[in-house]
Structures are given as C-alpha cells and as structure tokens.
Amino acid sequence: MIGPVTFDPLIPAWLLAVLATLAAAIAAAGVARRARGAALRALGLLFLVLVLAGPRWRERTTAPLPDIAVIVRDRSSSMAIGDREHLADAAFHHLVHTLPKSTRLVVASVAGNGHDGTPFFAVLRDALSSIPPKRLAGVVAISDGEVTDKPIPLPSNVPVSALIPARGNQTDRALALIDAPHYGLVGHHVVLRFAVSDHGMDDRGMKVPVQISIDGKTVARLQAPADRPVSVKLPVTHEGGSVVTIAAAELPGEVSAVNDQAVFTLTGVRRRLTVLLVAGGPNPGLRTWRLLLKSDPAVRLANFTILRLPSEALAAPVHDMSLIPFPVDQLFNRDLGRFDLIILDQFSNNGLLLPPYLANIAAHVRAGGALLIEAGPEFEGPASLADSPLEPILPALPDGAGTVTGGFTPAFTATGRRHPVTAPLMHAAMAPWYRFESARRVRGVILLRTPGADGGAPLLVLAHEGKGRVAMLLSDQYWLWARGALAHDEAMAGPAEPLLRRTVHWLLGEPALAASRLTAHIAGGRLTVERRSLKGGAPGSAQVTDPSGKSTTLALHRIAPGRFTASIPAGAAGVWRVSAGGMTAYAGAANDDPAEYADLAASDRIFAPLARRSGGRIVWLGRTPKPGWGGLLHRRRARLVTGARDIPLLPALPAAILAFVLIALAWWRER
C-alpha cells in the first residue's frame, strides 16, 4: 500500500498559480518591511492557498504483475540446413523449462509465405501489439540470423537477444538470377544475366567457375567475377521448353550448396510460319482452308488458285483478261525455301509444274519442310502426283480402284486413337463423307480410315521424310463437316477445323503433337511425368534422377490410349532428369523462396547491433546449446492497482475560517 500526496484544486490551475504568486508577494513585502503581524498574514495566506489547492492523501493497494518474455522462433526453410533445427529446438525447450518465476512467456513463429524470405520483425510487431510496454522484459530470437525485413522500434530498456544455431559466423556462396529470359525465337540467342556472391567473407577480385547447361548439355563455361553482374548469350535451338541450369563451383567450407545454382525454363517460339496454299481449281473446301489458316496468328498465308491451265484456249483476247499469271519459277525455284508448309489442294500433275519444280518440293521436304496433299479424283490417272518426282516422298499411292463413291463415316484406326493429332477428337460427332480415293499406305501411320472388315482404306496418313514431314488426306469431302458446323446441322457436322488445324501444326513440328514424347514438369512440389507412345502393351516405368544424382524407378500407369503418367514429390531444387522408352526429359525445380535462399550463412550481422544497443546477448548454440535466462531479461516490476482511497488533508471550511482568522489577527496587530 502506498499513499502519495495529490492535489485536487477547487479553482482552475492557472488562477491558483496567480493567487499563490500574489500571496507570496504580499507576504514577502510584509516580511521585508518588518511589519507587525507579517508572520500571521503569511501563515493565513498559506492556509488560504492550500485550501484552494485541495491537498489529498491517496491510498492505493497494488499487486505485482508478471514480466513478459517474447521468443520468436525462425521456422523458415533455411533452418533445415545441418543441425540448426535440432539445436534451436533443444535451446527452446530448455528456456521453457527454466523460465523464471513471475514471468509469462509469449511464443511466436515465422515461416514466411514462400516468396518474402523470413519476415522476422513483422511477426515480432504482431506479437508485441497486445503486450503492455511496461511489462515487456526481453525479446529472444531463435534464428540463423538471416531475416529479410527491417528492424522495428522497441520499448527502451528491453534487451533484444539472438540464439543462433551455429558455432560462429558462416560462409555461403549464392548465385542469383538478375534477368532470366523465359521466351526466345528459335534460331536466335537470348541474353541471361546473373551474379555470384560469397557471404561471410571478402570476395573482392575473386573469379568463380560457372557452368551453364540446357537440357543437361553444357553450352558455356566461364569465370564469373564475384559480386558483379555477368551477361551470357544462350542459343534457342528448338520450339517448346528447355531447362536452363546455371551452376557455380562450390565454395570450400560453405554451409550449403543448394543456392549455388539457379534453374529456369526457356521456351522457344518460332517466328510466324509461312504457308503456301495452291489449289488446282476452285472447290468447296478452299474457303475452309483459307479461314483456318488466316485465323491462326502464327501463320502467314500465300494462296493461289489455278483458274486456267496454260494449254487451255481463251474465249477472249489476252488484254481483256484480268487473271494473274502463276509465278511458277519464283515460288518453286527461287523462294521455295521461305515456306514452312506447302499445301497442294486437289492439285494434278498436268504440266503446270515441270518435273524440276516438283523435285524441288521433294528436296525441300527432306531438308526440313512440310507438305500436305488433299487428294481428289485427280489423284488417279496419268496426271496424278503419284506419277511425278513427288512419288518417293508420298506416304500413300493409288491402288488402281480409283475414286470410290457412296456414304461412309470416317473411323479412327488403333494408331489414330493414340496419336495426339486425332486422339482428342475420338468422341466428336462425325457426319458421313461421300467419296474417297482408293490408295495403299507405303510409309508412315494411318490415323483415319474408311469402315470395313478388312481394315478399310486410308483417309489420313502422316509420315516423316528426312528432316521434314508429309501428310495426305485421301478425300475431298471434309468441307461437309465445316458446312454442317456453320449451319448448326448436327447430322452433317464433324471436327473439320480441329482436325485440319492439328494436322497443320503437326506438320509444322509443334512439340505437343509429337507421336512419341516424354515430358516432365514440376508444380506444387511434385514431379509429373507423362509418356506418349503409339505402341500398345504395358505402361512400363521411368527412371528419375534428382538433382543430387539419386535415381528412382517410377511405375507409369495408363490414363488414355497411348498416354501414361506418374508423379512423385520433388522438393529438391535443381534439374530433374527422366528417362523412359529411349527418350529423356528434364524438369527444373527452382528455389521456392529466392529471398530465403539469397544467403544461407548463419550470421549475427543483423542482431548484434540490436543486442549491443539494448543490452541483450548473442548466443551461439553450437558452443552453448542450453543457454540460461541471464542477460536475456530485464526485470520490469510492473504492478496492478487493486484499490484506491482519497483523504482530504485540509477540510475546506475549517481551514478557510482559520486562514481568515489569521489574516484578521495580522491586520489587528498592524493597527
């Protein structure tokens, strides 16, 4: 119980101060001139001022409050390195069991949200928001010292200490991407920028060996200066994704090599593809071809329709005709290499293209070009393209039966149900066609056929030829599907546009439409493997090699005809290699939190200044695994008021009467 003297003035404080000053001046003047009754007047004025000040004796009853200690535990991914987690847990449990009496413990944890590292001080601020500053006895951080946000102001006389799970300041090498290009044009180069830093040591003037690989193949080796940006040109060799790995040599004695490398995916994109469409004459399907190709932003179309052969007689003078001469030599001799795909729509070998030009097309395909032939009745007889220099690259040749008429519904072959060009169309409604060209397959695979007990005749055939590709559509009736779709006639509708689009993109080499393909990608901490194959049989297995070199056999399971998949956890950052069926695929797992992995060396560089200013401690748990609370807390001795009572020291009326009596006596004495 304590009882300080307090004042409860009867008048405003400023007026009380004025009256007290006047009273002091009057009393001082009387004393100075030694007037009779001066002492009585001074005493009376004093009593009067005290009455107006309202002195009171306040009695308060209090109870002690426990001090509060705050421990913030770092549970970020960097704490999993070495024995940090074990040392931190042991120190925490020791502190909990040895907590001083009359001390309450508040525990908070920080793990980050996957992209901002370790926001230690943000968590500390939230923990302190509900703690009275006068009761806060100390803040203890159990952390490796690598926090990624800025310190916050703390109450005075509050020690800030850090328990670091190491024997002392450590070293670490880190490789950081400054600018990683995710897209690039095939056949061109992109610029990669990165920097290598060595933490916990002076690395000025050092050169660090760095190796750069694309899909497991080394493309560059260099000596990178430490702490300086480095630029490297990388080739974009093919369409689709490539896993790029940049790995720095390990620093002797560093705490971890997990951040010595960086991984990203570089996607190759082709320039706009140029397609040459030549129609042997006006036909109902030509409009569908034009709409399909012109609607694709990745395709640049050049279209010619042959309206008259040079041998045909004109019914009017030449100068009255507005037809454009067919630029045969320019297209099929000088500029043929500029076209990625050539489409011959119901085109016959009737002398319009001389054998050397047709031979140029065959050579262009073998060198990496693509050819699509839509065959009609012109495919039979002496004007057939099968009787031309194109014959060696055609996947199907006439069998002598000619054009077959009559309604039929195209059917998928067993290969067509597995091939990525036609597999997604298996459940689409397919209206009948009414004629096809009888032919026999000589190479490649048949995806569509006519119905029949003997397997039917081929309708869509795909084949590889040298470095290029060839496709043949052995019916000119696909436009019926397109017309049925436009007229919303379900009886005539069919997948005309997706069938032609996927066929064209297969010819242009789109990786997603490859018949045999192995892919791997990492998402959500799991590696997913998918294999496509035109062969039947058991799914088989895949061999997975993680970034550390450890191999695992992964059993595949069937999810669709010709498609097999499996997945496993993929927590390690780096390049994962997958092999199956003679194919190899790569997947890159980047560090899930770049800010967290920017520096993995345990260090006191952030907490040491805070500890010095606040009177806290830095404890290396590798040397002192079970620290005591000494030096971690500062006793606050806060108390809670449980009761209060005020007692007036001078009753107002008696004291006022006494004051006036004294003043009156002083006046009487002066008479």
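Which residue in strand 6 does Val139 stand opposite? Select Val139 and you'll find Val160 facing it.

Before going on, a word on the model: it is predicted, with local features needing pLDDT of at least 70 and side-chain atom pairs counting only at pLDDT 80 or more, while totals for chains, interfaces and linings use all residues. Residues are numbered from 1 along each chain as its sequence is written, and side-chain values use heavy atoms, with hydrogens and water left out.

**Stop 1: strand 5**

Select residues 136-142, which make up strand 5. Strands here are DSSP E runs of at least two residues, and helices are H or I runs of at least four, numbered from the N terminus. Strand 5 pairs in the parallel sense with strand 6 (residues 160-164) over 4 bridges; pairing takes at least two DSSP bridges between the strands. Look for Ala69, whose bridge partner in strand 5 is Gly138. Because 7 of the 7 residues of strand 5 are buried, the rest of the structure largely encloses it. Buried means under 20% relative accessible area, exposed over 50%, and partly exposed in between (1.4 Å probe, protein chains only).

**Stop 2: strand 23**

Jump to residues 458-465, strand 23, where 7 of 8 residues are buried. Show strand 22 (residues 445-449) too: the two run antiparallel over 4 bridges, and Ile446 has Val461 as its bridge partner. Strand 24 (residues 468-473) is joined to strand 23 by 6 bridges, again antiparallel, with Leu460 opposite Leu473. Strands 23 and 24 form a hairpin with 2 residues between them, and Gly466 in the turn has a positive phi of about 60°.

**Stop 3**

Centre on Ile343: its contacts (heavy atoms within 4.5 Å) include Val275, Leu277 and Trp289, not counting residues up to four places away in sequence.

**Last stop: Ile647**

Finish in strand 34 (residues 639-648), where Ile647 sits. Ile647 is partly exposed, with a relative accessible area of 32%.
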